[in-house]
Amino acid sequence: MNQITVISPDTAEKADVASNTRKVFIKTYGCQMNVYDSNRMGDALASEGYVTTEEMGEADLILLNTCHIREKAADKVYSALGRLRDMKRTRAEHGRELMIGVTGCVAQAEGEEILRRAPAVDVVVGPQTYHRLPQALARARQGERVVETDYAVEDKFEHLPKVDKAKARSRGVTSFLTVQEGCDKFCTFCVVPYTRGSEVSRPVSQIIDEAMRLVDSGVREITLLGQNVNAWRGESPKGGEWGLGELLYRLAEIPGLARLRYTTSHPRDMDDCLIEAHRDLRALMPYLHLPVQAGSDRILKAMNRRHTGAEYLRLIERIRNARADIAMSGDFIVGFPGETDQDFEDTLKIVEDVKYASAYSFKYSTRPGTPGAELGSQVDEAVKTERLERLQALLLRQQQEFAEGCVGKTIDLLLEKPGRMPGQLIGRSPWLQSVNVDAKESQIGDIIQVRIIGTGPNSLFAERAGA
């Protein structure tokens, strides 16, 4: 989780008091979906006269868009709210308003408790109700402290404004697009079903319309988002049901859309059409984040993952048969209750078998309200730490080997933004790696051919092909 910027109360006086324009600062924690949600909250507030700012001290409204996945997520939010309380007090002493809101998954999980523990907070809005944020703020200005965490009956996306082309253009040549929310899998370690609700898919027409507006704004690459994105289902324009594979085929037809990605997937929802899309669609990048979580069948059953290690490996084989150059990414939890040394060795074995290009790995930590929190046989913290270090060493070695295997290859590179050095741009490889290359800023948005010439700790270095 990102840490909130540390500020002093005096920072409040740096705001532009001469301007009548209201400014909103949104601090985003956690996943890509929260990044998307923060952008859409900014869009919703624009109709109320707010403009977004990157400077917290300038803001008339500060929103913390929170994530509940990591350990002690709520504690970190309350710590941040303590600092904002001091800022709000200083503003009041100078006769200026500062409104504070908590949104996202911690808001959903904590609800009224946030108002009790943090008196400076004006509004608490869950991830399914942020389209009601303008109305919640209007009520707060009348003196009400507002909690909006009921699961909305209406479609929030229908109530959000259309993506503004100028704003989309300012956000860059890549964009997230949420197509699915919630999860019905109920893994015993996970809070998502309780904070994001059951699986809901956006209609095809909504998704296509938003994608076309993004492309019309200059976006070249779209990443489809969902808590369980490959569980997406929708009615096709000609009747019948589409899955994510069919949706990708349709999106690939949009003129000007050069690249497609999606995340995060569940092995149980990886159907034939989606695998075939990786085989057939040039626009669909050869990178797949497909979490396994553990290698032991006993632990996978305790996690309620509904797949075995062998089933996962057979699925990986089918995917690689469809797209030989695909890069695999995964998630791993070590130290789940009851995990033995042999269970952990099974996890190392599945990592060795798959050979991941990238991965995320964590020590198990309990989440109140999840079944895993009630399990006995908790693994000692020192044991979890030792196991995580071993796992991460293996994953890092595989990541480095994958990167080194790219040296000498000629690839298509989407140029995204300026690099740290003058005359340098950063792009993304088809496998989602950052690549540094000498190029002009006017080329941002172009896809050029480069040859990989070296590797760094977290990126690759390239030169123009033919140079």
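Which residues in H13 meet Ile350, Asp353 and Val354 in H14? They are Gly309, Tyr312, Leu313, Ile316 and Arg320, where contact means heavy atoms within 4.5 Å. Helices (H or I, at least four residues) and strands (E, at least two) are DSSP runs, numbered from the N terminus.

The model is predicted: local features need pLDDT of at least 70, side-chain atom pairs count only at pLDDT 80 or more, and totals for chains, interfaces and linings use all residues. Residues are numbered from 1 along each chain as its sequence is written, and side-chain values use heavy atoms, with hydrogens and water left out.

Helix H13 covers residues 309-322 and helix H14 residues 341-354; they pack at an angle of about 10°, with their axes 11 Å apart. Axes are lines fitted to C-alpha atoms, for helices over the stretch in contact, and angles run from 0 to 180 degrees between N-to-C directions. H13 and H14 are therefore roughly parallel to each other (angles under 35 degrees count as roughly parallel, over 145 as roughly antiparallel, 65 to 115 as roughly perpendicular and the rest as oblique). By class, the contact of H13 with H14 has five nonpolar, one polar and two charged residues. Here Ala, Val, Leu, Ile, Met, Phe, Trp, Tyr, Cys and Pro count as nonpolar, Asp, Glu, Lys and Arg as charged, and the others, Gly among them, as polar.

E14 belongs to an open sheet of three strands, ordered E14-E15-E16, with parallel pairing; two strands pair if DSSP finds at least two bridges between them. E14 (287-289) and E16 (358-363) are the edge strands, each with a single partner, so one side of each has no neighbour in the sheet. The twist averages 10° from one strand to the next. Three parallel bridges join E14 to E15 (residues 327-334), and Leu288 has Met328 in E15 as its bridge partner. Helix H15 (residues 381-406) lies across E15 and E16, at about 175° to E16.

A search of the whole structure finds zero disulfides (a disulfide is a pair of cysteine sulfur atoms within 2.5 Å). For Cys183, the nearest cysteine sulfur is that of Cys187, 6.2 Å away. Cys183 is buried, at 13% relative accessible area.

Note on methods. Buried < 20%, exposed > 50% of the residue type's maximum accessible area, 1.4 Å probe, protein only.
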